[in-house]
Amino acid sequence: MPLKIDTEIEFDLEDLQYDFEDSMETDRWHDAPAELKELFHRLEWNIIDGEHADTVGFIDTALEGDISARTLISGPMATGIAEVGRRFKMDEYFLPEVMMSAKCMHEALARLKPLILAEKSEEVGTVVIGTVQGDLHDIGKKIVAMMMEAAGFTVHDLGVTVPPEKFVEAVREHNPQIVGFSALLTTTMNMQWETLKVFAAEGLREDLKVFVGGAPISQAWCDKIGADAYAMDALVAVDKAKACVTRLKNLTGGAPELHEAMLEIDREREAAKAAAAE
Ligand code: B1M
C-alpha cells in the first residue's frame, strides 16, 4: 500500500525563493518520514534548478520508498514548477531556465506514466484532448490525459498547437464523448473559443462535452465561450468527465442542465474540502 501524504494543503511557498535548507525548515510534507520529506524537497529543488539528469533518480528513490506517482505529481513536482513560474514572471528566470525545468517535468512524467496507466481497470469512454493552436505548453495537459486514462478513458492526445480542423478530424475519427482544449497563454485562450465555434459550424457541438482548462482559464471564461466544463486541475477534470459518461450521458453538449451539473460537482468538492478541514 503506497504511503499517502497530504498534498492538498495550500502551502505558502515563500521559502522556495531562498534555498533547500529554508525549504527543509517548512512544515511541507511534515506527515512524511524525515528521509522522504528531505527527498521531496530535493525533487522540488531539482525541478527549480532544472537538473534533469538527476530527476529520474529522485523519482525512483521515492517510488522505492513506497510513494505513489500521484503524490509526486501533486506534491514536489507541482510546487517545484510553480516556483519556476514565479521566477519567470518576476524576470528572475528566462526561457532557457524554464526549458530545463520543463525537461525535468517531462522526464519525471515519462517515468511515472506507466504506473498511473496501470491503475486503469475499466473502459468508461473516449476523450480527445490537445493544446490549442499557437500554444506549446503541454505538461498540465499530459497530466490530465494520464489521469483520465487511469480513470478508464481511452485518450487521444493530439499534442500541442492543434488547429481547430485537426480537433474536428480527430473527433470524426475517434467519436469521443469528450473533447478537451488546454491553453496556458492569455494570447491563446481565445483559440478555445474559436475551436468551439468550428465545432458548432461543423454540426458537432451537441454530440460532445467540451472541457477547457489551463492556468489562465476560469469558470467565467468557460461560461463566456459556452464550453461545458472548466477543470482547475486533473482531478476535477476526471470527476467531471466520469459524470459526463455515466449519470449525465444523455445530456447533450451545450445543454444548460449539463453546465449546471458541472457547477454542482465543484460545489460538492468545495463542501467536501471544507468538511475535511474542520
Ligand atoms: Co511558458 N508561460 N511561455 N513556457 N510557462 C507560462 C504559462 C506563464 C504564466 C509564465 C509566467 O509569466 N509566469 C506565461 C504566460 C503569461 C500569460 O499568458 N499571461 C508564459 C509565457 C509568457 C511563455 C512564452 C510566451 C515565453 C516567451 O516566449 N517569451 C512562451 C510561449 C510559447 C508558446 O506556447 N507559443 C513560453 C514557453 C514555455 C516553455 C516552452 C519554456 C515551457 C513549456 C514546456 C512544455 O509545456 N512543454 C513553459 C513553462 C514550463 C511555463 C510555466 C513556468 C509552467 C507551466 C506548467 O507546466 N505548469 C508557466 C507558469 C505557470 O503556469 N505558472 C508558463 C505545471 C502544470 C502542471 O500546470 O499547465 O496549469 P498547468 O496544468 C494544470 C491545470 O491548469 C489543469 O490541470 C493541470 C494539472 O493539474 N489543466 C487542465 C491544464 N490543461 C487542462 C485541460 C483540461 C482540464 C484541466 O481540460 C481540457
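**Close-up views of a predicted model**

**Figure 1. Pairing of strands β1 and β2.** Within β2, H156 is the bridge partner of V128. The model shown here and in the legends that follow is a predicted one. Strands β1 and β2 pair in the parallel sense, and five bridges join them. Strand β1 comprises residues 125–131, while β2 spans residues 153–157. Strands of a sheet pair through backbone hydrogen bonds, in either a parallel or an antiparallel arrangement.

Figure 2. Strand β1 is mostly covered, with seven of its seven residues buried. The side chains of the strand are divided between two directions: G125, V127, I129 and T131 point one way, T126, V128 and G130 point the other way, and all are buried. T126 belongs to strand β1 and has a relative accessible area of 16%; T126 is therefore classed as buried, the limit being under 20%. Leaving aside residues up to four places away in sequence, T126 touches F153, T154, H156, H174, P176, Q177 and I178. One of these contacts, H156, is also the bridge partner of V128 in β2.

**Figure 3. The open five-stranded sheet.** Five strands, in the order β2-β1-β3-β4-β5, make up an open sheet with parallel pairing.

Figure 4. V212 lies in strand β4 and counts as buried, because its relative accessibility is 3%. Excluding residues up to four places away in sequence, V212 touches F181, Q192, I217, C222, I225, A227, A229, Y230 and A231. Among these contacts, Y230 is 18 residues from V212 in sequence, with a C-alpha to C-alpha separation of 5.0 Å.

**Figure 5. The salt bridge between R28 and D15.** The structure holds 19 salt bridges. In the one shown here, the side chains of R28 and D15 meet with an N to O distance of 2.7 Å. R28 is in the loop between α1 (20–25) and α2 (34–49), and D15 is in the segment before α1, so the pair ties together parts that are 13 residues apart in sequence. Both partners are buried: R28 has a relative accessibility of 0%, and D15 has a relative accessible area of 9%.

Figure 6. The side chains of R87 and E83 meet in a salt bridge of 2.7 Å, N to O. Both residues lie in helix α4 (residues 69–89), four residues apart, which is about one turn of the helix. R87 counts as buried at 10% relative accessibility, and E83 is buried with a relative accessible area of 2%. The pair is part of a network of salt bridges that links E83, R86, R87 and E92.

**Figure 7. The salt bridge between R269 and D233.** R269 forms a salt bridge with D233, and the closest N and O atoms of the two are 3.8 Å apart. This pair links distant parts of the chain, 36 residues apart: R269 is in helix α11 (residues 256–277), whereas D233 is in the loop between β5 and α10 (234–245). At 16% relative accessibility, R269 is classed as buried. D233, at 28%, counts as partly exposed.

**Figure 8. A nonpolar patch on the surface.** F88, L95 and M99 make a nonpolar surface patch of about 320 Å². M99 is located in helix α5 (residues 95–117). The relative accessible area of M99 is 56%, so this residue is classed as exposed, a term that requires over 50%.

Technical notes
Residues numbered from 1 in each chain as written. Predicted model: local features only at pLDDT ≥ 70, side-chain atom pairs only at ≥ 80, totals over all residues. Heavy atoms only, no water. Patch = residues over 30% accessible without salt bridge, like charges linked within 9 Å, V, L, I, M, F, W, Y side chains within 5 Å. Areas by Shrake-Rupley, 256 points an atom, 1.4 Å probe, with all protein chains shown as cover. Salt bridge = Lys/Arg side-chain N within 4 Å of Asp/Glu carboxyl O. Buried < 20%, exposed > 50% of the residue type's maximum accessible area, 1.4 Å probe, protein only. Pairing = 2+ DSSP bridges. Contact = heavy atoms within 4.5 Å.
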